[in-house]
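Please look over the sequence and the model shown below.

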Amino acid sequence: MRALRLHGDRDLRLEDIAPPPPPGPGEVQLRVLAVALNHIDVWGWRGMAFAQRKLPICTGAEAVAEVVAVGEGVTAWKPGDRAAPYGAQTCGHCRACREGRDNLCENVQGVMGFHLDGFACERVNMPERLLVRVPQGVATNDAACAAITFSTVEHMLFDNAKLEPGETILVQAAGSGIGTIAVKEAKALGCTVIATAGDDEKCEKAKALGADHVINYTTQNFPTVARRLTGKKGVDVVFEHVGASTWNGSMLALKMGGRLVTCGSTSGVTAEMNLMMLFQRQLRIFGSFGASMRNVADGLAKMAGGMTPVLDTVIPLERFTEGLDRLESRRVFGKIVVTL
């Protein structure tokens with residue numbers, strides 16, 4: 001079968017490798033239909049890793065697939081069913097897994113496509129417990145954005161920040177995959193959305209998605225504008241994933257008792273912070289990484305209801321590296337999906 005494997009820093013090769021064996025007990029064999037690109041794919045491509053990994057490794061952390069075979073004891077899945085496979089190999093036994101907090105698994109083996117072989121290949125075997133069913137009517141390329149992108153936003157906004165109707169939210173980098181979904185999610189909830197983007201074209205696109213106000217953060221001081229738009233009070237929630245370059249501005253944009261939720265650091269992992277502002281203004285900061293399988297299912301349900309992801313580009317597997325380059329250079333508005 002064809003597989004896209006990382007051999008070293010920025011060294012991706014499309015190769016023919018042996019297909020997986022027939023699925024074992026409790027396993028399902030999947031034919032991968034599409035992979036959605038994420039910054040974790042860029043990190044892996046650059047040679048970054050949070051733990052040791054053995055190369056070559058099949059890339060691709062987020063996918064949608066079709067069941068082609070089931071192993072002994074599998075009764076919930078049959079050939080032809082579509083699934084969004086969870087993006088990490090969790091144990092299924094620890095307290096966090098039992099309580100449905102999958103992204104806090106105490107014995108996680110790693111992230112697919114980053115520490116472990118991922119989904120940029122034609123077939124893969126997965127435990128059935130790590131599959132989420134794709135509802136009828138959801139387009140395949142949209143479903144490719146469920147397991148990480150949609151679920152990350154679900155976890156950030158509702159599990160962590162606990163965004164409520166009528167609140168005001170500042171969505172940083174609204175042209176990104178998660179930023180576009182955050183704008184849609186917040187508007188659907190009845191929030192006032194202030195969106196930032198790096199150029200005027202992206203600002204206009206964010207406005208078309210439903211943002212009430214847009215700020216070009218390269219030409220405007222976004223915390224000042226955000227405070228002016230809120231009558232100098234500040235916003236209730238900041239959806240942050242840019243990192244060092246926006247961190248202090250995001251803190252300044254918050255109201256008394258405001259909440260900042262962050263899942264990324266694409267502009268740098270280290271930032272200084274005014275601790276007096278943190279405790280005097282009683283701000284709350286939530287770190288958010290990944291999501292639960294419930295979040296994946298909730299995202300797919302919203303897709304079935306008509307809230308679809310924004311697709312920037314759809315490309316074939318042979319152009320995977322082109323997609324990574326486009327994502328790394330921030331030339332995207334929405335998601336890049338790679339079809340197999």
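Which element supplies the largest share of the lining of the largest cavity? The answer is α1, from which 4 of the lining residues come. This is a predicted model, in which local features need pLDDT of at least 70 and side-chain atom pairs count only at pLDDT 80 or more, while totals for chains, interfaces and linings use all residues. Residues are numbered from 1 along each chain as its sequence is written, and side-chain values use heavy atoms, with hydrogens and water left out.

**The cavity**

- The structure holds 1 cavity of 30 Å³ or more, where a cavity is a set of points, on a 1 Å grid over the protein atoms alone, at which a 1.4 Å probe fits but cannot get out.
- The space in the largest cavity is about 30 Å³, a volume being the space filled by probe spheres set on grid points that are joined across faces, edges and corners.
- Its lining, meaning residues with an atom within 4 Å of a point, is made up of L6, I40, D41, G44, W45, R53, I57, T59 and G113.
- By class, this cavity lining has 4 nonpolar, 3 polar and 2 charged residues; Ala, Val, Leu, Ile, Met, Phe, Trp, Tyr, Cys and Pro count as nonpolar, Asp, Glu, Lys and Arg as charged, and the others, Gly among them, as polar.

- The largest pocket has a volume of about 990 Å³, a pocket being an open set of points with protein on both sides within 12 Å along at least five of seven lines.
- It is lined by 47 residues, of which N38, H39, I40, I148 and C263 are the closest to its centre.
- The largest share of that lining, 5 residues, comes from α4, and the lining as a whole divides into 22 nonpolar, 20 polar and 5 charged residues.
- The second largest pocket holds about 260 Å³ of space, and of its 15 lining residues the closest to its centre are M1, D117, G118, R123 and V124.
- Strand β9 (residues 123-127) gives the largest share of the lining of the second largest pocket, 3 residues; helices (H or I, at least four residues) and strands (E, at least two) are DSSP runs, numbered from the N terminus.

**A helix contact**

- The axes of helix α1 (residues 39-46) and helix α11 (residues 320-328) come within 10 Å and cross at roughly 105°, with axes fitted to C-alpha atoms over the stretch in contact and angles running from 0 to 180 degrees between N-to-C directions.
- The two helices are therefore roughly perpendicular to each other, a term for angles of 65 to 115 degrees, with those under 35 counted as roughly parallel, those over 145 as roughly antiparallel and the rest as oblique.
- In this contact (heavy atoms within 4.5 Å), α1 takes part through H39, D41, V42, W45 and R46, and α11 through T321, L324, D325, L327 and E328.

**A charged pair**

- The structure holds 23 salt bridges, each a side-chain nitrogen of Lys or Arg within 4 Å of a carboxyl oxygen of Asp or Glu.
- One of them joins the side chains of E122 and R2 at 3.1 Å, N to O, and this pair links distant parts of the chain, 120 residues apart, with E122 in the loop between β8 and β9 and R2 in strand β1 (residues 2-8).

**Backbone features**

- Most residues other than glycine have a negative phi, and most peptide bonds are trans.
- L55 and P56 are joined by a cis peptide bond with omega of about 0°, and P56 lies in the loop between α1 and β4 (57-58).
- A173, a residue other than glycine, has a positive phi near 45° and is found in the loop between β11 (168-171) and α5.
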